[in-house]
Structures are given as structure tokens and as C-alpha cells.
Amino acid sequence: MESTNRLTSDSLTSHPLSIDSLLDHVQAAPARLGRTRLISIDGPAGSGKSTLADRFAARAEARGLHTLVLHMDDLYDGWDGAVRGFALLRDHVLTRLADGREGRYRRYDWATGAYAELHLVPATVELLIVEGVTSCDRDADPWQSLKVWIETTNEIRLERGIDRDGEALRDRWLDWMRWERDHYATENTRTRANLIVDGNPTTPHNPATELITKSVNLPHNSAAS
């Protein structure tokens with residue numbers, strides 16, 4: 001396994017980087033969200049956030065960490081609800097966990113257009129992985145142990161979106177892509193990330209345990225630094 005001391009090296013870009021080495025780095029630093037460590041995975045729609053979150057979760061659970069994945073899609077109240085979704089995350093999940101209380105949110109049901117059942121986020125969860133557009137907005141900075149940005153081309157993103165949601169939603173996707181471009185420019189999300197990941201890599205690697213980075217910029221406030 002790669003030493004966490006080397007995770008700030010530019011030589012890691014465009015080469016396989018193990019997810020376990022990133023989890024080592026996260027665990028070496030103090031928790032910043034009450035008893036919980038927070039990994040946020042942001043990036044444009046269709047870039048691979050959900051898949052990457054699941055891979056982080058699988059590696060975390062393999063080492064025995066009590067892990068929970070929260071999808072921002074479950075907080076948005078529709079296509080125009082990303083900002084409201086982040087406010088719900090901040091006010092009802094992150095702020096509460098930081099205070100030692102359980103987080104809570106209602107899942108938005110896209111089929112009915114209304115919020116549905118209640119979900120709880122225990123204050124005892126060791127690793128919370130939040131994935132989705134707005135998950136790395138500035139207001140979450142004080143609590144995050146790792147900020148990940150994943151990206152690929154607009155063409156690939158749109159193709160993935162239409163394959164998933166259908167041709168009838170193409171205009172919705174194009175509107176969303178324009179909105180998120182402006183939002184990311186305002187939040188400076190990509191520049192603030194600790195890690196920029198290739199969402200459609202051609203470099204050989206094991207997708208289950210490794211990722212391909214474009215940039216690595218981890219904080220020096222852990223025991224591994």
C-alpha cells in the first residue's frame with residue numbers, strides 16, 4: 001500500500017492511487033464532524049460520483065468502519081432544488097452531527113414530487129460519505145476530512161444522463177449542466193478540492209480499489225503528514 005506521506009506528490013497524478021491509502025489519511029486526522037469523518041464527493045452530473053462513493057464505502061466497510069452513504073439526489077426537491085438540498089444537508093445532518101446529535105432528512109421521491117420517509121444518520125457513524133452536486137459547497141468546509149472532485153467530458157456526461165433518464169429529459173439535463181457550471185464557478189469547487197479524479201480514465205487500474213487522479217492536494221494536519 002502506498003504511504004500516506006506520499007499523497008501530496010505530483011507524481012501520483014495520472015497513476016493509480018489506492019482508495020485505502022486515502023482512507024488511511026482520513027483516519028489519521030482527527031474527526032471534524034463530531035465523532036464522524038466526512039468525505040464529500042462533488043463534480044458535474046454524470047461524472048461518476050455515485051460509483052466512486054460506493055467504492056469508497058466498500059473499502060471502508062472492509063476495514064470495519066461504520067459507514068453511511070448519503071446521496072444529494074435524495075435531498076433536492078426536483079431539478080431546481082440543489083441549493084435547497086445542500087441547505088437541508090447542512091442544517092439537518094451536518095450541523096446536528098457536529099453537535100453530537102443524530103442527523104435526519106426526508107428522502108425526496110422524484111416520482112411523486114414530494115418528500116417521503118424519514119432517514120436517520122446516527123451520531124455514532126464513523127464515516128459519512130456524501131455524494132452529489134453541491135456536496136462540497138463552502139459551508140461544509142469546517143467538517144470535511146476529504147473533498148473529492150470527479151470529472152469527465154460534457155459529451156460523456158450527457159450520454160450517461162440520457163442513457164439513465166431517457167431522451168425526453170435531454171433539455172432538463174442541458175439546463176442542469178448550465179446551472180451547475182455557474183454554481184461551481186461561484187463556489188470555486190474544483191479548485192478547493194483535495195483530490196481531482198478522472199471520471200473516465202484510460203490508465204490501467206483496478207476500479208474496485210484504485211482511482212486515477214489529475215491532482216492531489218491533501219492537508220498537512222494529520223499524523224501521516
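## Basis of the model

This is a predicted model, in which local features need pLDDT of at least 70 and side-chain atom pairs count only at pLDDT 80 or more, while totals for chains, interfaces and linings use all residues. Residues are numbered from 1 along each chain as its sequence is written, and side-chain values use heavy atoms, with hydrogens and water left out.

## The chain as a whole

The protein chain has 6 helices and 9 strands. Helices (H or I, at least four residues) and strands (E, at least two) are DSSP runs, numbered from the N terminus. Along its principal axes, the C-alpha trace of the protein chain spans about 45 × 40 × 30 Å. The radius of gyration of the protein chain is 17 Å, which agrees with the value near 17 Å for a compact globule with 225 residues. This radius is taken over C-alpha atoms, and the globule rule is 2.2 Å times the number of residues to the power 0.38.

Of the 225 residues, 46% count as buried. Buried means under 20% relative accessible area, exposed means over 50%, and partly exposed is in between (1.4 Å probe, protein chains only). Contact means heavy atoms within 4.5 Å. Among contacts between residues at least 6 apart in sequence, 71% join residues at least 24 apart.

## Paired strands

Two strands pair if DSSP finds at least two bridges between them. Strand 4 and strand 5 run antiparallel and are joined by 6 bridges. The bridge partner of G103 in strand 5 is V121. Strand 4 and strand 5 form a hairpin with 4 residues between them, and G113 in the turn has a positive phi of about 70°.

Strand 8 (residues 195–198) is joined to strand 7 by 4 bridges, and these two run parallel. In this pairing, L195 in strand 8 is the bridge partner of V148. Strand 8 also pairs with strand 9 (residues 210–216), in the antiparallel sense, over 3 bridges. There, V197 stands opposite T213 in strand 9.

## Aromatic rings

A pair of aromatic rings is described by the distance of the centres and the angle of the planes. Rings of Phe, Tyr and Trp (its six-membered ring) pair if their centres lie within 6.5 Å; planes under 30 degrees apart count as stacked, over 60 as edge-to-face and the rest as tilted. The whole structure holds 7 aromatic pairs. In one of them, the rings of W79 and W110 have their centres 6.1 Å apart and their planes at 85°, so this pair is edge-to-face. W79 lies in the loop between strand 3 (67–71) and helix 3 (82–98), and W110 in the loop between strand 4 (103–109) and strand 5 (114–121), so the pair ties together parts that are 31 residues apart in sequence. W79 is partly exposed, at 22% relative accessible area, and W110 is partly exposed, at 38%.

Y108 and Y115 also form an edge-to-face pair, with 5.2 Å from centre to centre and 75° between the planes. Y108 counts as buried because its relative accessibility is 9%, while Y115, at 26%, is partly exposed. One aromatic cluster is formed by Y76, W79, Y108, W110, Y115, W176 and W179.

R138 is placed in the loop between strand 6 (127–131) and strand 7 (144–151). Its relative accessibility is 36%, so R138 counts as partly exposed. Leaving aside neighbours within four places in sequence, R138 is in contact with T186, E187, N188 and R192. R138 and E187 are 49 residues apart in sequence, yet 6.6 Å apart in space, C-alpha to C-alpha. A polar atom of the R138 side chain lies 3.0 Å from the backbone oxygen of T186.

H183 lies in helix 5 (residues 170–187) and is buried, with a relative accessible area of 12%. Not counting residues up to four places away in sequence, H183 touches T134 and D137. D20 lies in helix 1 (residues 19–28) and counts as buried, at 12% relative accessibility. D20 and A60 are 40 residues apart in sequence and 7.8 Å apart in space, C-alpha to C-alpha.

Conventions: A polar contact is a pair of N or O atoms within 3.5 Å; within protein, one must be able to donate a hydrogen and the other to accept it, and residues adjacent in sequence count only if both atoms are side-chain atoms.
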